[in-house]
Each structure stands twice: as C-alpha cells, then as structure tokens.
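Dear colleague,

Please find below the structure for your review. A summary of the findings follows it.

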2 protein chains.
Amino acid sequence: MRVAGLMSGTSLDGIDVAIVEITGRGWSKRVRTLAFRTVPYPERVRQAILSVSNAPAHTGKISRLNFLLGELYAEALIGTARRARIRLDSIELIGSHGQTIFHEGAPVSFLGRKIASTLQIGEAAVLAERTGIPVVADFRPRDIAAGGRGAPLVPYVDYLLFRHPRRGRVLLNIGGIANITAIPPGARPDQVVAFDTGPGNMVVDALARHYTKGRWKFDRDGRLATRGRVNRDLLDRLLRHPYFRQRPPKSAGREQYGREFVEELLATGLPVLDLIATATAFTAAAVALGIERFVRPRMPVDELIVSGGGVHNPRIMAQLAAFLPGVRVASSADYGIHPDAKEAIAFAVLAGETWGRRPANLPSATGARRPVVLGKITW
Amino acid sequence: MRVAGLMSGTSLDGIDVAIVEITGRGWSKRVRTLAFRTVPYPERVRQAILSVSNAPAHTGKISRLNFLLGELYAEALIGTARRARIRLDSIELIGSHGQTIFHEGAPVSFLGRKIASTLQIGEAAVLAERTGIPVVADFRPRDIAAGGRGAPLVPYVDYLLFRHPRRGRVLLNIGGIANITAIPPGARPDQVVAFDTGPGNMVVDALARHYTKGRWKFDRDGRLATRGRVNRDLLDRLLRHPYFRQRPPKSAGREQYGREFVEELLATGLPVLDLIATATAFTAAAVALGIERFVRPRMPVDELIVSGGGVHNPRIMAQLAAFLPGVRVASSADYGIHPDAKEAIAFAVLAGETWGRRPANLPSATGARRPVVLGKITW
C-alpha cells in the first residue's frame with residue numbers, strides 16, 4: 001500500500017511529507033520511503049498558528065486557518081509527489097497529523113466535568129478534495145476518549161519497525177521536546193515504555209536565536225555549543241527538577257521549556273555561549289538520566305536509535321554516547337529511516353492501520369484503557 | 001440499517017436525537033422513525049457555546065467544549081435509546097451534525113488567499129467511544145472544499161423522501177431561519193432549488209423573551225402575536241430589503257436577524273405585541289414571497305410541507321395558507337416525519353450515504369462544483 005504521511009510539529013518549522021510503501025501484514029509490516037521533503041510554513045502562516053495556539057483567538061481565525069492549512073498540506077503533498085515523479089493517483093491513502101493548537105492530556109475541571117482534550121487543525125476535507133485521495137486525520141482524540149493522554153502515538157510504529165528478538169532498543173526522537181520508546185528484546189506491545197525525557201532542541205534553538213539575533217534558527221552542527229563551556233552547577237540544578245524523578249508515562253511540553261525557561265537561563269548572567277553548551281548537555285543528560293532511571297532497571301539497552309533534528313547536532317550525539325557507556329548510539333538512517341522523516345512516516349503507517357480498522361495506540365505508552373482505532377476517515 | 005441522527009442547531013435549544021430505520025437502495029430509500037427526543041443543553045453549556053460562537057475565545061475553551069459536547073451527545077443518544085427500549089448495539093451508525101460555532105460559506109481574503117470555512121464541534125471520537133457505534137460527523141467542510149457554501153444539506157434528504165412524480169412540493173423548515181426546498185414534479189436531483197427565505201422564529205423568539213422578560217422562550221401557539229396587530233407599513237418596509245430580490249442560492253444567518261435587528265424593531269416605538277404580530281407575519285410573508293418570485297416561475301406548487309418549531313405556531317400556518325392560495329399547507333407529520341425531528345432524521349440519512357461512500361450534497365442547492373462524499377468516519 002502506498003501511503004503519504006504529513007506531519008507538522010509544534011516547532012512550526014513546516015510540513016514534513018513522506019511517501020512510503022507499506023508491505024506485509026499485522027506486526028510483520030515493512031516500510032520503504034519513496035520520497036521525503038519538508039515544506040516550510042510561510043512566515044505569516046507560522047505567526048497565525050502561533051497566535052491561535054493555546055491562546056485567545058477569534059473562532060473565525062481558527063476556522064479559516066483550518067481550511068488554509070488544508071490547502072497548504074495538499075500543495076505540499078502534490079509538490080513532493082511531483083518532484084519525486086510519483087503519480088498522485090498511485091497514492092492510496094494520506095495520514096495527516098495536523099497542527100496541534102491545544103493539547104491537555106490530563107483532565108481538568110470544565111463546566112462541572114473532568115475533561116481532557118486535544119485540538120488539531122488542517123482540514124482533511126480540503127486535503128482529500130484537492131488530491132482525490134482518502135485522508136485519515138485527527139489521530140489523538142480517540143485515545144483521549146479512551147482515557148489516554150492522546151500521546152505519544154509514535155511508539156506503536158517504533159515497535160512495529162524497530163523491535164528486535166534479542167536486542168534491547170531505545171528509539172529517541174529529538175524534536176522541540178525529546179522522547180523515547182524503549183523496546184525490550186522480544187517484547188510484546190504492552191511491554192513498550194515511552195515518555196518524554198525532557199527538552200529536545202527548543203531551549204538550544206531559542207538561545208541560538210537570541211545569540212545570533214535571529215539569524216540562526218538553531219545551533220547548526222552544534223557550533224555555538226562547541227564555543228561555550230558547560231556550567232556544571234547549572235546543569236546539576238536543571239537535572240534536579242522533580243520531572244526527572246517522576247515515573248513514566250509522563251509528558252513535557254512547550255509550556256515547560258518555553259520563553260519563561262529561557263529567560264530564567266539568561267537571567268543567570270552566564271555567557272550565552274556557555275548557556276548554549278549547558279542546554280545542549282542538558283538535553284543529552286536528561287535522555288541519559290531517563291534511560292538510567294526508568295529503562296535500564298527493566299531491560300538491557302543495546303542500541304539508541306536517534307531521529308529528529310537533534311541527530312544533526314554532533315555535540316548531542318557525542319554526549320549521548322559518553323553518558324551511556326556500552327550503548328550503541330546511531331541515527332535512524334542506519335536502520336533505513338530518514339531521521340527527519342520518522343514522524344511523517346509514522347503517521348502514514350498509523351493511517352494504514354485506521355484504514356484497516358485496526359487499533360494503533362499503545363495503552364502502555366498513552367495510558368488509555370484499551371487499544372482503539374485512531375483517527376477519522378475522509379473518503 | 002438502523003441509524004441515529006443527532007442535530008443541534010444555532011437556536012441552541014439542545015440536542016435533537018432521532019433513531020431511524022432506513023430501508024431500500026439509491027433514490028428509493030424509505031425512513032421510519034423509531035424514536036425522537038430533544039435533550040436541552042444545560043444553561044451553562046448553552047452560554048459556553050454562545051461565548052465561542054463567531055467570537056473571540058480561548059482555543060482551550062473550544063477544545064474542552066468540543067470534548068464536553070461529545071459526552072453530552074453520547075448521553076443524549078444513550079438516554080433516548082433506553083427510553084425507547086432500543087438496544088444501543090442494534091444501532092449500526094450515528095450521524096452527528098455537531099454544533100456550528102463558525103460558518104462562512106462565501107470566501108473571504110485570509111493571509112493572501114480566498115478562504116471559505118465552517119467549524120462544527122462535538123467530538124465524534126468521544127461519541128463513538130462511549131456508545132461503541134461508528135460515527136459520521138463534520139458533514140459541511142467537504143462541500144465547501146468542493147466550492148459550495150457548505151449549506152443547505154437537508155435538501156438532498158428532502159428530495160429523497162418527499163419528491164413526487166406528479167406534484168410540485170415545497171419543503172419548508174422554520175427553525176431560527178426559514179428555508180425551503182422546492183422539488184418539481186418528477187424532478188431530477190439537479191432540478192431541486194433550495195434557499196433561506198428569511199427569518200424563521202428567531203425574531204419572534206427574541207421579541208417574546210423581551211415582552212415576557214425572559215419567562216417565555218418563544219411565542220407559544222402564537223398567543224402573543226394574536227394579541228397584537230400587524231403593522232402594514234413596517235411589514236412592507238421589512239419586505240423591501242434587497243435580500244428578498246436576490247436570486248437563489250442564498251442564505252441568511254444569525255447575524256442578519258440577530259440582536260441588532262431586534263433592537264431596530266424595538267426602536268420604532270411600536271407596541272411590542274404589534275411587533276410580535278408583525279414579525280410573525282414577516283416570517284410567513286417572506287416564505288410566500290420567496291416561493292412566488294423564485295419557485296412558481298419554474299414549477300407548479302401543489303403542497304407546502306412544514307417542519308421545525310414554526311409548525312407549532314398556528315398564526316404562521318394560517319398566514320402561509322392565506323398568502324399562498326391554491327397551495328395545500330401541511331405539517332411534515334402528515335407525511336410521516338415528525339416536524340421537530342426532520343433535521344436529526346436528515347443527518348441519520350446523510351450518515352448512511354457517507355457510510356456507503358455515496359455523494360450526498362446537491363450542487364444545485366449548495367453551489368458546489370460536483371457531488372462529493374460528505375463527512376468523516378470515526379470507526
């Protein structure tokens with residue numbers, strides 16, 4: 001089955017498009033990537049998304065943006081297919097994650113009830129109409145309806161593609177936030193452990209933008225971090241935060257490592273290059289800490305397979321290897337999955353499961369009461 | 001096929017639930033209503049919906065309300081089935097219209113593009129999870145994606161259930177707004193004409209609330225209108241509005257006959273009972289005018305089949321008969337369809353079409369470029 005996956009994360013970089021071929025059945029599926037491309041959001045679209053994300057906004061703006069993103073998703077897919085010389089009508093299905101503008105995995109009191117909720121936009125009907133391809137979208141609400149936190153959903157795909165009969169593998173994705181999926185050797189699906197380890201790139205990105213006055217959007221190849229020195233006191237203090245002792249499942253968010261966090265770092269008065277070096281080490285150390293505390297007690301960790309933007313930062317990769325002796329640290333590319341494409345590929349795979357009416361959440365990862373069929377189908 | 005239909009209109013009265021049995025195929029379907037009930041919204045839910053409808057609102061409030069409405073829809077259906085002694089697991093499918101919180105059928109400029117959009121809430125994943133029944137929801141976006149106005153969608157069902165080989169029939173639904181579906185004798189689907197004729201009950205409702213200081217939510221049995229006198233000058237002036245000369249397809253909305261319109265009426269200084277009598281006559285006269293101008297030139301009108309709250313107002317029914325000599329004016333009840341249930345029944349029927357992957361918009365009614373499969377399926 002040829003399926004396209006579309007992902008646009010909270011980093012707001014743009015739209016990741018993957019076109020894949022899925023073969024095999026059940027837990028024996030295999031995925032081959034035919035095309036991958038990231039289409040950046042136009043700056044004013046990025047601003048509009050930011051303005052409606054977890055913020056006061058006119059309902060009309062959300063409604064219009066929902067339809068506009070549907071158009072942009074369609075154009076991103078059509079462009080990607082054209083460049084790769086893949087006929088659009090050879091694609092049988094699209095899985096579209098959408099743009100999250102609100103997510104509250106734990107219930108809060110609302111009009112006298114306990115309500116958890118999540119809201120993604122990027123109108124599937126527009127995407128389906130422009131491409132002529134059925135779309136599965138809106139993957140998270142059903143897991144929340146079943147008592148889960150609506151996240152993470154990628155561990156199901158990690159388990160499908162990366163489990164090994166004799167090796168303990170940990171998948172690490174370093175996006176804005178860093179998260180891991182730990183798969184014991186020969187594990188059953190319910191033995192998978194997944195959680196956010198802490199910050200991914202978002203703190204370093206913000207500091208790099210600050211240091212370069214906006215010219216760099218991230219610390220390319222870890223060059224800024226290399227010019228600074230890690231401040232041990234600050235690093236130790238950051239790692240003493242209660243989050244790192246909290247047992248999984250657990251999730252971290254933009255609110256935790258956003259503007260406020262960065263301003264506190266800047267307020268220390270340390271040189272910004274030192275802060276960048278320290279924040280880079282913090283990302284790697286938080287991953288290592290999470291693995292030491294909550295994964296190694298349960299399983300051998302033979303391999304750490306890294307994806308997401310952080311894989312391109314050699315400082316982070318070197319520190320991961322240093323902090324985790326005896327673990328082979330590698331890019332997902334070494335396992336045939338483009339590290340920037342992994343999440344888009346994951347939503348192509350998840351769409352295929354929905355199309356076949358198969359449950360595709362892992363209750364051990366999301367906390368849901370039961371496995372449920374995710375998403376909504378637009379013919 | 002046993003299907004439930006859920007409808008909650010912009011009048012915000014509550015949730016209409018219909019459970020129907022659909023038999024037959026293609027254009028020969030028949031519908032039998034097994035149960036119908038309206039479950040009022042709790043007042044604070046009604047207020048919360050109003051506060052996010054076409055207004056500034058926090059994204060989080062919309063997200064939480066989306067999930068809360070999913071819970072209320074599920075409870076409304078479960079309660080209706082229980083009272084009617086219908087086993088929930090005998091219902092094969094749910095069609096849920098959702099609560100519209102924004103609708104803009106005509107494109108506007110937005111971030112450099114022309115965007116039309118619509119936004120309904122009432123999370124289908126919650127409804128599906130609580131009931132164990134697949135749900136079709138979100139019917140309007142695909143018609144907009146195909147160049148239509150996303151409304152009206154009921155004419156498809158009107159055509160299915162009410163067309164006649166030798167009689168010209170006009171279906172009239174008097175909700176907040178009044179709309180008609182005109183079906184020539186022996187018509188093909190593309191010969192159906194449908195449009196909003198003007199106000200339905202919303203002006204009279206607002207005046208009745210004003211007159212009774214909120215004790216009456218509407219003019220029960222037209223009693224207040226009976227105590228007032230129609231002001232001919234005002235009525236004539238209201239009917240001279242350019243909307244009534246505009247050719248269909250066209251649609252009227254809450255913004256047109258809302259608070260501002262009512263305040264202008266009150267500002268005339270006429271006795272409120274006279275205003276109620278005049279507004280009641282205005283509703284009926286606007287229907288008659290629409291039929292005379294845009295329907296009778298194309299087809300014979302033998303029967304006017306009325307549904308919606310307005311059918312319970314004998315003044316309106318009498319005036320319709322008086323303004324349309326030679327037309328048989330009757331309630332849809334005489335044709336086997338409960339007049340308050342018609343819209344909920346319609347979305348049960350539309351859900352069945354989506355389930356079978358059949359297009360169910362009428363381009364002649366919505367302006368869409370082509371017939372499209374509406375809605376999204378949640379397994």
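Predicted model: local features only at pLDDT ≥ 70, side-chain atom pairs only at ≥ 80, totals over all residues.

On one side of the contact, helix α2(B) contributes Phe67(B), Gly70(B), Glu71(B), Tyr73(B), Ala74(B), Leu77(B) and Ile78(B). These meet Ala124(B), Ala125(B), Val126(B), Leu127(B), Arg130(B) and Thr131(B) of α3(B). By class, the residues of this contact comprise nine nonpolar, two polar and two charged. The helices concerned span residues 59–83 (α2) and 124–131 (α3) of chain B; their axes come within 7 Å and cross at roughly 40 degrees. The crossing of α2(B) and α3(B) is right-handed.

The second topic is the interface between the chains. Chain A and chain B each give 45 residues to the contact. On the side of chain A that touches chain B, the elements giving two or more residues include α1 (43–52), β6 (99–110), β7 (113–121) and α4 (140–145) of chain A. The largest share of that side comes from α2(A), with nine residues. Its class composition is 25 nonpolar, ten polar and ten charged residues.

Strand pairing also links the two chains: β4(A) and β4(B), the latter covering residues 56–58, pair in the antiparallel sense over three bridges. Within this pairing, Ala57(A) stands opposite Ala57(B).

As to confidence, the predictor assigns the complex an ipTM of 0.94 and a pTM of 0.94. For chain A, the mean pLDDT is 96, and 100% of the residues reach 70 or more.

Terms used. Residues numbered from 1 in each chain as written. Chains lettered and ligands numbered in written order. pLDDT = per-residue confidence, 0-100. Axes fitted to C-alpha atoms, helices over the stretch in contact; angles between N-to-C directions. Helix = DSSP H or I, 4+ residues; strand = E, 2+ residues; numbered from the N terminus. Left-handed = near helix turned anticlockwise from the far one by under 90°. Contact = placed C-beta atoms within 7 Å. Nonpolar A, V, L, I, M, F, W, Y, C, P; charged D, E, K, R; others polar. Pairing = 2+ DSSP bridges.
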